[in-house]
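Subject: Structure for you to look at

Hello,

Here is the structure I said I would pass on. Please open it first and then read my notes below.

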Amino acid sequence: MLEKITSTFSTIARTLSGKSTITEKNIEDTVEQIKMALLEADVNLRVVRRFVNSTIEEAKGEKVLKAVDPGQQFVKIIYDKIVAMLGGTEEAKLHLKGPDTTTVILMLGLQGAGKTTASSKLASRLQKSGRRVLLAACDLVRPAAVEQLCVLGEKIGVPVFKNDSEKKGGNAVRVAEDALAFAKKNQYDTLIIDTAGRLQIDEDMMAELVKIKKAVSPDETLLVADAMTGQNAVDIAKTFDEQLGLSGIILTKFDSDARGGAALSLKTITQKPILFIGTGEKTEDFEPFHPERIASRILGMGDVVSLVEKAQETVDQEEAERLQKKMSRNEFTLEDMLLQFQQVKKMGSIQSLMEMLPGMANANVDMSGMKKNEAIILSMTKKERANHLIIGPSRRKRIAKGSGTSVADVNKLLKQFEKTKLMMKKVSRNKGLQNRLLGQLGMNPSSIPGLH
C-alpha cells in the first residue's frame, strides 16, 4: 500500500538520518522532493502547500540547524507533519452506546466503493469485541444487494434484517425504521444500516439518505470511500458531509492504493477522521486507522505494533505453546513448518507483512517460494513430514514429481528446514535472547502467546 510515496519518503528519511549537518539548502532541496512526491501521489494541492510551508518554517528554525543530530531531527519533523495530515496522534474511535441501548451506524457511499462488504467487516469486528450486532439491508436499488448482505451476514454469523415485501425500488426508509424497531425489541446493541449507492451522486440518492438519517437518528454516519479514486474520494466526502454530516470515513482497497492521495488529503480537507481501512478481501482484512503507524510505514520505519496485534489475532495460543515445547525439545517437524506457512497466510499478504518491518517496505517478496515449499511438504507422506531424515534420493524424486517442482527445490527446502530447526532451538532455549529481541521491538515478552 502507498508504494510510490513510501519509496520516495523512505529514501529521503534514510538520506537525512545519515547527515551530520543540515543547511537551509538541504532543507529546501528535500522539501522540493517531498512536494513532488505528494503531488505525484494525488494529494490535494491545498494540503501539499500547507504541509510544505509548515515543514520549511519548522525545519529552518534553530531546533534543526543547531541540533546534536539535525538529520534525525528533520526526519522527526517530517514524521510529525505526516501524522498531523493523516489525523493526529489522538486515536479516532466509534461512539458506541452501552449494551442496554441500540447504537445506530449508517453506512453511506457510491456504488462500487465496497459499502456492503465494509458493513459486514465492521459487523464482524464489533461482534468479536462483544457487541450484539444486526445488519439492515436497505439497498433496494442495486440488483442482488440484499442477497449479497445476507450471504456475508451468514458467513460471519451476524443476522440480517430485510423486508421481503419491499422489493427492488421499494421504501428503504421504512425498512430502516422497521430494522431499528426490531433491533430494540430484540435487544441488539448495534444496528448497521447498509444503504443504496449510485455510480455518482444524484438528488434522488441524497434525498433518500436524508430521510433515512432523519428516521433513525444514527450515532455514526460513515462514508465508505474507495482509496484508489484519489482526489475523487476527497470531493465525494466533501459533498456527502455537506448534505448529510459525516462523523467518519472508512477507506476501502487501501492495500491496492499505490499513491495515497485520498488518505493523505481527507482529514485536512473534510476535518473528518478516517476510522477504518480495508486491506484485503477477507473479513479480517479490516483494521483501525492509526495515523502514527501509517506515517511510520510511509517513512520506511515499519509498524511492529500492528504486526504483533495481527499475529495475536490470528495465532492460536495453545498451538503456539505446543509448538514452543516441540522446538525446545528439538521436535520441530516439516508438519510444523507447514502449519507456520498456513498461519502466516492467515495474517494477510506477505507484502503487507513486510511493510510492517523496519526498512522492508520496498522489498520485493517472492510469494511463489512459499507456495512452492507448501506444495512440496503437502506431497510428502505423514512419516516423511514427521522425520525428514528418511527422505532419500528416491523419495525426493517422488516428492518433486508430486509437487510439480524439481529435486533441487526439494533439497533446498530440506536445507532451509534444518537451518530453521537449529535457529528455533537456540532461540527457544535462550530466554535472555528472546527478551532482548522483543525488547528491541518495544514489546513485553509476557504479552506474546507461547513465550512465557
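Two strands count as paired if DSSP finds at least two bridges between them. In general, strands of a sheet pair through backbone hydrogen bonds, either parallel or antiparallel. Please keep in mind that this is a predicted model.

The sheet

The model has an open sheet of eight strands, in the order β3-β2-β4-β1-β5-β6-β7-β8, and its pairing is mixed. At the edges are β3 (160-161) and β8 (286-288), each of which pairs on one side only.

Strand β1 (residues 103-108) pairs with β4 (residues 190-195) in the parallel sense, over five bridges. Within this pair, L106 stands opposite I193 of β4, and L191 in β4 is the bridge partner of V104. Strand β2 (residues 133-138) also pairs with β4 in the parallel sense, here over six bridges. C138 stands opposite T195 in β4.

Is β4 buried or exposed? It is mostly covered, with six of its six residues buried. In a regular strand the side chains alternate between the two faces of the sheet. In β4 both faces are covered: T190, I192 and D194 are buried on one side, and L191, I193 and T195 are buried on the other.

A helix on the sheet

Two helices together

Two packed helices are described by the angle between their axes and the distance between the axes. For helix α5 (residues 70-86) and helix α12 (residues 291-298), the angle is about 135 degrees and the axes are 8 Å apart. Angles of 65 to 115 degrees count as roughly perpendicular and those over 145 as roughly antiparallel, and α5 and α12 are therefore oblique to each other. The crossing of α5 past α12 is right-handed.

Which residues make the contact? From α5 they are Y79, I82, V83 and L86, and from α12 they are P291, E292, I294, A295, S296 and I298. By class, this contact of α5 with α12 has eight nonpolar residues, one polar and one charged.

Regards

Key: Residues numbered from 1 in each chain as written. Predicted model: local features only at pLDDT ≥ 70, side-chain atom pairs only at ≥ 80, totals over all residues. Heavy atoms only, no water. Axes fitted to C-alpha atoms, helices over the stretch in contact; angles between N-to-C directions. Helix = DSSP H or I, 4+ residues; strand = E, 2+ residues; numbered from the N terminus. Parallel < 35°, antiparallel > 145°, perpendicular 65-115°, else oblique. Left-handed = near helix turned anticlockwise from the far one by under 90°. Contact = heavy atoms within 4.5 Å. Nonpolar A, V, L, I, M, F, W, Y, C, P; charged D, E, K, R; others polar. Buried < 20%, exposed > 50% of the residue type's maximum accessible area, 1.4 Å probe, protein only.
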